[in-house]
Amino acid sequence: MKSFQDLIFSLQKYWGDYGCAILQPYDMEVGAGTFSPNTFLKALGKDSWRAAYVQPSRRPADGRYGENPNRVQKHHQFQVIIKPSPDDIQNVYLKSLEAVGIDYKLHDIRFVEDDWESPTLGAAGLGWEVWRDGMEITQFTYFQQVGGILCDPVTVELTYGLERLAMSLQSVDNVYDLNWNGKEGDGKITYGDVCMRQEVEFSKYSFELADVDALKRHFVDAETECAKLAENGVALPAYDQCIKASHLFNLMDARGVLSVAERADRIARVRALAKLCCETYARNHE
Amino acid sequence: MNDFLLELTVEEIPSRMQSTAIADFERLMIAELEGLRIAYEDIRSFISPKRIVFSAKLSEKTEEFVEEKKGPQIVAPTEVIEKFLKANNASKDDCVQREVDKKTFLFIEINHEARDVRDLLGEAIKNAVAKIPWKKSMRWGSGHFYFVRPLRNIMAVFDGKPLEGEFEEIGLKFCGHTFGHRFLAPQKIEAKNVDEYLENMRKAFVIADANERRKMILNEFKKLESERNLSIEADEKLLDEVVGLIEHPVVLLGKVPQKFMELPEEAIITPMRVHQRYFPTKSNGKLAPFFVFVADNIATDGGKTIIAGNERVLNARLADALFFFETDLQKPLESRLEDLKKIAFNEKLGTIFDRVQRVANVCDYLGDSLKFGNKESLRRAAILAKCDLSSGMVGEFAELQGIMGSHYARTQGEPPEVCAAIRDQYRPVDEISEKLSALLSLADKIELITSFFAIGKEPTGSKDPFALRRAAIGILKIIKNFNLDFDLKEIICKAFDQLPKENLRLDANNRVYAFILDRLKVLLKESGIRYDIANAVTNTETAVIARSEATKQSSEEDIGNQKTPHCRVGLRPPRNDDQMIAKRKNNIFIIFQNASILNDFLQIDAGNKLLSVYKRVKNILEGANAAETFENRLDPSLRSRMTMERNHGVRSPSNEETKSSSANVDQSLFQEKEEIALFEKIEELKHDFLKTRDYKERLLACSKIHETASDFFDKVLVNADDKQIKQNRLNLLEQLSFIFDQVIPNGLEG
């Protein structure tokens, strides 16, 4: 049986050996590994790029106060990003599953159409969700467009959902029962030990306590700052502000205070920021 | 003939695109072969998630042929001739002269020699591959070639040997091998022709032929069914999708824990089918606690691990569903109305709650108009209809809207017809069998179209984001299926009147009604009504045929400020019918009925006779009008009347006209006995019209005038020298024409 941390070690080892730079998580609240500038901005331009990293990802609306066995407001993604996409990438990916202990003689692995589109990032790609015995364990995407800019060469992004993958490897039905450190008895640390309190308190925060007026103010601040920084040609600090705006939007969304029109409006505003950052980044890069 | 075999290996092609892709590719390959004059036979093509296969027997050489190019005339200027010769790399001696239409032209005959097919196939493949029209396509790596997913291998074998060459844009060399099943036989596989290919691939656990995979699955289903005494719900769409997800089908059976079986069947079936592509099973007509799925691997443990994994996924989904279901049940459905105030419908149209109130009101209007017996339940159903939108179940499984509402309503003791209507509102209208359900669905659709038209969101061209065309067709089908006899426009106007007042399009009512009539035209044609009849009866709201039983003298203004056509004095029905008649305006049901009656009638002898008299009368009157108009240098009032007739197939009312058509026939001016006979017949016809309002009988009555009218046309010269006599005869025909207008719409063909 592979512990949660062993799963991460195996993936880091595998992709490190493959030639990826193993990075640390981006130090901001992001909705998915894709938001990290190490994926999003690095997908632009001609330079080749290989990296892999764990990205804790926050989705306030998915909070369930620690009561749902399958859903959490902060989950962990293992993100692999390679540009240009290698010709044998499907096989390289499948070997990574072997590396984490999936035996092909026993399982049914499938690539099921799943095109990816992020309205807030103005990004789109084609690919699949990868199923292992009916469970989605990875999103496999060839980026076609980021921030409205065509990707050339094309980056491939592999996003492993670590909780799901670990649950299926450990055959547990409740995420909080996952063995995190691989010890048994007194020394055992579970996913619940690490994350339960976060889930309860952050659910309370996102659904009940977050100050809506403050969120709205912060949103405008981040928006203004982003535009100003982009104007001064610093794409990365500008993009941090875009990430902030996006997370603030997610919080407002979870609070249920956005009307349909307001929601669409804010998505469009974040998308405009993302586009601005990409353009600034690409310009600096030329 | 020589064997040609082509296999493109692609990363997993989306299932839904496969069947069109292979048909397109076969067509494109054939077009290439024909373009190159390569003789072919025995075309076969196959598709699997990872392979596009095309094979044929081809000639070794292309067909030898002479191409004849026509040049300029021999008398053309020298430069022109020089240019032609140069373009074809020929001298004047190469040309022959030939006569075309009595002019002499230069011709060049170019001999195309037979070429080796082997040398041409590479180009043909590249062209055909590049032309496949994908719904979505992508680039990969550093390349710029677009394809559905990355293309990774091209096996191309002709006459037993691989083709030389390369697909440069992708950077792939043609080769003589492919690979077997990803996990079961990943090694290289070679083949010289298609039969060998299919056989070798089968040994390598790849069933390239989708039909064969489908048959294998169905055979396995049959076995399982008899072993387990189950019936598998193998709907075609899901089966098609699954066939496109696997290269080697392995059918497996999973269990559903008993505790989940208390969920409504749909709540179990939806996650199975939609989310997991599992097939539900039944025993004794009830959902059984098993599901069937198709894997793409022969596991060494016989599939135990795969089954356990799939069961775990389904259980997690069903556990979620059960949690939501139990939580939902604790809250009365009606109390969720409050939640609907928080769900926006549209910026200008308010919340879902607002819409629910409006639909409920439309239900009331419909109920009144149709004298529906169970108005209370109808309104109740409308009020509860959208409540389940705030339930946890529908939040999780949007497909279950209506279905969950119906379940919750039933558990909370609502009457069965209310529960049925909540469920049926989202169903295709042809599947609705309860009248109350039909009325709710109708009210919902009328409200939907009217409100979106009112805020200017009409469908344009191919854009119809709110599916208003489908809603309009739904309205028509419901009216037809349930024989709903009411004034549609009146209900539309009432639906409009309750909208928030700002910034509405004031002509929305007329536009909605015209929009629905437009759909009706299409629907009538599809149901086999002659296209000219379909056009004529739906031409405008005042199309004569809809008025046939609705003639009414009235000065009231029609809704939307349109004048209601007046009836002429001679044909005015008795007063006490007025109420009933009013209901007959803008009545879709009557249009359906009358279009069909007219369609049938025009297929019989009587119908043809009527139409021929009708045409003759119209022609004479038109001729006379035209002549008169010319003489009078276009009297404006007359002109406007004629334009109106032409455009709308309707006579516009005017007192003057009324006089001229009914009062001005002077019997003392009759000269011939045929005139008198026709006059008497017309009087008789007027009498018949007063006796019956049955459309078919009126048509029949009209057709009986055929003989008398024919005699009249044969013996009587309308265009008499005496102006008074001529006018009198025209007036007589004008009367007949007016009667015809009550039953025959303008614009029919002879």
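## Report on chains A and B

Of the 750 residues of chain B, 39% count as buried. The model discussed here is predicted. Chain B comprises 29 helices and 18 strands. Among its contacts with a separation of 6 or more, 70% are made by residues 24 or more positions apart.

**A sheet in chain B**

Three strands of chain B form an open sheet in the order β4-β6-β5, and their pairing is antiparallel. Its edges are β4 (65-73) and β5 (95-100) of chain B, each of which pairs on one side only. On average, and with direction ignored, neighbouring strands of this sheet are turned by 40 degrees against each other. Helix α2 (residues 78-87) of chain B packs on the sheet and touches β4 and β6 of chain B. The direction of this helix makes about 165 degrees with that of β4(B).

The pairing of β4(B) with strand β6 (residues 103-112) of chain B is antiparallel and extends over 7 bridges. Within this part of the structure, Lys69(B) has Ile108(B), a residue of β6(B), as its bridge partner.

**The two domains of chain A**

For chain A, the domain assignment gives domain 1 (4-204) and domain 2 (211-285). A distance of 24 Å separates the C-alpha centres of domain 1 of chain A and domain 2 of chain A. The contact between them involves 21 residues of domain 1 of chain A and 21 residues of domain 2 of chain A. On the side of domain 1 of chain A that touches domain 2 of chain A, there are 12 nonpolar, 6 polar and 3 charged residues.

**The contact between chains A and B**

Chain B contributes 29 residues to the contact and chain A contributes 30 residues. On the side of chain B that touches chain A, helix α8 (residues 304-329) of chain B supplies the largest share, 7 residues. By class, this side of chain B divides into 11 nonpolar, 9 polar and 9 charged residues.

The table sets out the composition of the two sides described above.

Methods
Residues are numbered from 1 along each chain as its sequence is written. Chains are lettered from A and ligands numbered from 1 in the order in which they are written. This is a predicted model: local features need pLDDT of at least 70, side-chain atom pairs count only at pLDDT 80 or more; totals for chains, interfaces and linings use all residues. Two strands pair if DSSP finds at least two bridges between them. Helices (H or I, at least four residues) and strands (E, at least two) are DSSP runs, numbered from the N terminus. Axes are lines fitted to C-alpha atoms, for helices over the stretch in contact, and angles run from 0 to 180 degrees between N-to-C directions. Two residues are in contact if their C-beta atoms, placed from the backbone, lie within 7 Å. A residue is buried if 20 or more other C-beta atoms lie within 10 Å of its own, exposed if 12 or fewer, and partly exposed in between; C-beta atoms are placed from the backbone. Domain bounds come from an automatic or database domain assignment. Ala, Val, Leu, Ile, Met, Phe, Trp, Tyr, Cys and Pro count as nonpolar, Asp, Glu, Lys and Arg as charged, and the others, Gly among them, as polar.
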